[in-house]
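Subject: Structure for you to look at

Hello,

Here is the structure I said I would pass on. My notes on what was found in it follow below.

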Amino acid sequence: MAETTSIGGPGGKFPATCWSAVLAARSDDAVERTRALGAITESYWKPIYKYFRIRWAKPNEDAKDLTQEFFARLIEKDFLADFDPAKAKLRTFLRVCADRFASNDAKATRRLKRGGGVAHVSLDFESAEAELGRAKISSAPAHSPANMDDFFEKEFIRSLFGLAVRDLREFCESCGRQVHFRLFERYDLEDGGPQRASYSDMAQEFGIASTDVTNYLAFARREFRRIALERLREMTASDAEFRREAKALFGVAPE
Amino acid sequence: MSWISDEALARLQAASALPDLSGTRYRIVERIGAGGMGAVYLAEDSVLARRVALKILDVPDAAGELAARLLREAQILARLEHPGIVPVHDAGTLADGRAFYAMKFVQGERLDRHIASANLLADRLRIFQGICDAVGFAHVRGVLHRDLKPENIMVGPFGEVLVMDWGVAKILRQPSESCDVSADQGRPFSASGAAPKMIRTAHGAVLGTPGYMAPEQARGDSEKLDERADIFSLGALLQFLLANSGAPPRLAAIALKSMAADPAARYATVPELSQDVSRYLDGLPVAAYPENILQKAARWAERYRVAIVLVLTYLLVRALMLLWTRR
């Protein structure tokens, strides 16, 4: 019987500090496990879809089916039972699973009519396909393992940041700071090449003082960072892993 | 969800990496270093119009353990007021939740890089004695450094020597009990100055750098560590400074005595070690190198070579004059 699983789970937009979806996904508590798997799916479905499309050169429809089935099985079956956070990162584990899943695709197709017998996960493939099209224009990744590592990691960061931007918008709206978000969107998210607006241009455009632009942007960036880190923490199993990932995520690597 | 281009992704990563200094007196100038738990930035203190170095955690530390470690490091620096130890000016938590402390911005270069330009043995030994002064002072104040190595020594443009990075230091003597900076846990770091709760390092935790770490430290006997663990590291530093300089046997012996596997066979205190180096520089016998009569004579001759040459020259001239007058 097919059923729809909502992305993000019932945990709300701002998970409790230190909550780890990686650990909770192996919990005996079904509610906790569902919430955790929802969070993992939300963060990883786009990277996985794009990975099937690029690494495995799957056509659009096949990649959609594979992604659906991959996450449906992740949610329904005890997919993460083999995952040991002490030995590998969740990202590495999921990528290896995706490879195995794609390589067994033909067998799986013969054995099981795709979509039958597993839960249905609602995923917005159109947006993922559009993103892929735009990304491919700027850089078509070569299929070497190292490049695919980088590709998968970058798409994970893009997915995580995308979710953090969405959360930030909702947060700013909830506390009446829409201008802060619009400034952040305009200055940090929009591409303008060398002709990017200056702070004084922005002040003029938004009808505020230049110092306000500085302060509003600082607020939005601070909140963005906080939200992104909270989401990243969910995807890690320990403080040490979280710190390593945060360094990689924000480009602060030890010298 | 809006599309984030590669360009925007890089911009967000860069913007998010920078600490949020809003509401503080500091403005970032540039990032000048990084360590295991944070980065060091050169910053402008807008109130005092001077440059300072800010050590800032990479991430907000919800559990408080890292923040507590950083605060403890700042507190240790604050209690070690010495020309050879970088002074701390301020400590607190930034608006983005990251703990920081401000210290003097030290211009200079790390010892491992500076060594190439310090060709004279006397210059290298002067640097070593500067390190000994700072470490000896810390010991008197009840603090072990535990990670002495060339990368943690700065040499300034005027030859000043500073011992840096007290992040894994151990307080030997507290009013109540000893504690390890490296394993403190407790309340999150706050600008209010509340001291974090402290716990002992778990027995068996190894902190330090191989090659510069005493055997007892490498074994994780943190409870048994005392000043002699730092003396081992100082011996390793002396060996580093003597490398490729044709070190005399007496200096090599000082380094070896400092690095004895048995702590009881090392110098008991840093001043003892430093004094042995001073005695070498003054041409006096050193405790680490027992001499036979020939070695004593050679050292004596070396020490008084100028006087000996003058006396011999005088005697030669007198002899020549005598010969001249008798002709």
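Setting aside neighbours within four places in sequence, B:I131 contacts B:I153, B:V161, B:V163, B:L234 and B:L237. Contact here is between two residues whose C-beta atoms, placed from the backbone, lie within 7 Å. This is a predicted model, in which local features need pLDDT of at least 70 and side-chain atom pairs count only at pLDDT 80 or more, while totals for chains, interfaces and linings use all residues. Residues are numbered from 1 along each chain as its sequence is written, and chains are lettered from A and ligands numbered from 1 in the order in which they are written.

B:I131 is also one of the residues with the most contacts inside the largest nonpolar core, together with B:L54 and B:L234. That core has 144 residues, and helix 7 of chain A gives the most to it, with 12 residues. A nonpolar core is a set of buried Ala, Val, Leu, Ile, Met, Phe, Trp, Tyr and Cys residues joined through C-beta atoms within 7 Å; buried means that 20 or more other C-beta atoms lie within 10 Å of the residue's own.

Of the 327 residues in chain B, 40% are buried. The chain has 10 helices and 11 strands (DSSP runs numbered from the N terminus: H or I of at least four residues for helices, E of at least two for strands).

In chain B, the axes of helix 7 (residues 249-258) and helix 8 (residues 270-281) come within 10 Å and cross at roughly 175 degrees. Axes are lines fitted to C-alpha atoms over the stretch in contact, with angles from 0 to 180 degrees between N-to-C directions. Helix 7 and helix 8 of chain B are therefore roughly antiparallel, the term for angles over 145 degrees. B:R250, B:L251, B:I254 and B:S258 in helix 7 meet B:L273, B:D276, B:V277 and B:Y280 in helix 8.

The contact between the chains takes 35 residues from chain A and 30 residues from chain B. Helix 10 of chain A gives the most to the chain A side, with 9 residues. That side divides into 14 nonpolar, 7 polar and 14 charged residues (Ala, Val, Leu, Ile, Met, Phe, Trp, Tyr, Cys and Pro are nonpolar, Asp, Glu, Lys and Arg charged, and the others, Gly among them, polar).

On confidence, chain A averages a pLDDT of 78 (the predictor's confidence in each residue, from 0 to 100). Residues 1-17 of chain A stay under 50.

Regards

Definitions and conventions:
Parallel < 35°, antiparallel > 145°, perpendicular 65-115°, else oblique. Buried ≥ 20, exposed ≤ 12 C-beta atoms within 10 Å, placed from the backbone.
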